[in-house]
Amino acid sequence: MSFWICATCAVEHSEQVEVCAICADERQWVPADGQHWTTLDELAAAGTEVVIEEVEPDLYGVTSKPPAGIGQQSMLVRTSDGNLLWDPIGFVDDAAVRRVRELGGVVGIIASHPHMYGVQVEWSHRLGDVPVYVSEADAEWVARRDPVIETWSGKLTPLPGITVIQPGGHFPGSAIIHWADGADGKGVILSGDTVFANPDRTSVSFMRSYPNRIPLSGAVVDRVARSLDVFDYDRLYNNFGSVIPVDAKAIVRRSADRHAAWVRGDYDHLT
Ligand SMILES: [Zn+2]
Ligand SMILES: [Zn+2]
């Protein structure tokens, strides 16, 4: 079945529409010269390739070169019960499927939020029609409906040792993964951009929109941080290859408190 890929966000669409709804939303953007569509064949003809690299034992980063759309780093988490593909990129080819299969069977695909849907249904079809878990709260943004999609809300345990919850914030259903065995058993959070690992590696940010810089309230940020408090974790990866390598739990708490203090006006004297 043919489908279209938004050239800006790389989210798959079953048909071309006037403008991609995800890009037209206030959290994303449409290029100045308007909407563009592409296809897997076009991207492949332009030399697009999937790059898969180990980021720590049993965790692989999946990107494309050049980046498709937003250009996120997808994550493949390996467990003894099967693997999970997180934040699937907007490109896939036979070589990528072969490499992913070599790393073990994928039992499910899940995106942290609609910006990260990529070509999730296509990845599923090529990996044996595995379930694509879509947050009920954000399901309206799915532009390629398919029987492989299963909606969920609250909490999901797609594999033993992997828990998905929805702190919300960036999108109402914005999700994170807790991977208990990650970081040598100290625990890892895959945060998408629900919680964004900053370049200083010692702080994180919480935003409604990153490209358009729309803030969240202190109360929402506190709720997001508190929802992660139930987990033991030491390391946090966002969806663009940035990592808080150690002490991530304390850093999330401290960053949430800093965010709340700034929006409350505690630091107005510094501005
Ligand atoms: Zn788009
Ligand atoms: Zn986003």
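This is a predicted model: local features need pLDDT of at least 70, side-chain atom pairs count only at pLDDT 80 or more; totals for chains, interfaces and linings use all residues.
Strand β9 (residues 132–135) is joined to β10 by four bridges, and the two run parallel; strands here are DSSP runs (E, at least two residues) and helices likewise (H or I, at least four), numbered from the N terminus, while two strands pair if DSSP finds at least two bridges between them. Within this pair, Ser-135 stands opposite Trp-152 in β10. Residues are numbered from 1 along each chain as its sequence is written, chains are lettered from A and ligands numbered from 1 in the order in which they are written, and side-chain values use heavy atoms, with hydrogens and water left out.

Both strands belong to an open sheet of seven strands with mixed pairing, in the order β4-β5-β6-β7-β8-β9-β10. The edges are formed by β4 (49–56) and β10 (149–152); each has a single partner strand, so one side of each is left without a neighbour in the sheet. On average, neighbouring strands of this sheet are turned by 25° against each other, direction ignored. Helix α3 (residues 94–102) packs on the sheet, where α3 touches β4, β5 (59–65), β6 (74–79) and β8 (106–110), and its direction makes about 25° with that of β4. For these values, contact means heavy atoms within 4.5 Å, and axes are lines fitted to C-alpha atoms (for helices over the stretch in contact), with angles from 0 to 180 degrees between N-to-C directions.

Turning to the metal site, the zinc ion (ligand 1) is held by the SG atoms of Cys-6, Cys-9, Cys-20 and Cys-23 at 2.3 to 2.4 Å; donors are N, O and S atoms within 2.8 Å of the metal (3.2 Å for Na, K and Ca). In sequence, the donor residues follow the spacing C-x2-C-x10-C-x2-C. The four donor atoms subtend angles of 103 to 115°, so the arrangement is tetrahedral, a label that requires all angles to lie between 85 and 135 degrees. Cys-20 is buried at 0% relative accessibility, and Cys-23 is buried at 2%; buried means under 20% relative accessible area, exposed over 50%, and partly exposed in between (1.4 Å probe, protein chains only).

Ala-7 lies in the loop between β1 (4–6) and β2 (12–13). With a relative accessible area of 37%, Ala-7 is partly exposed. Leaving aside residues up to four places away in sequence, Ala-7 touches His-36, Trp-37, Thr-38 and Gly-69.

Definitions and conventions:
Four donors count as tetrahedral if all angles lie between 85 and 135 degrees; four count as square planar and six as octahedral if opposite donors are over 155 degrees apart and all others between 65 and 115; anything else is irregular.
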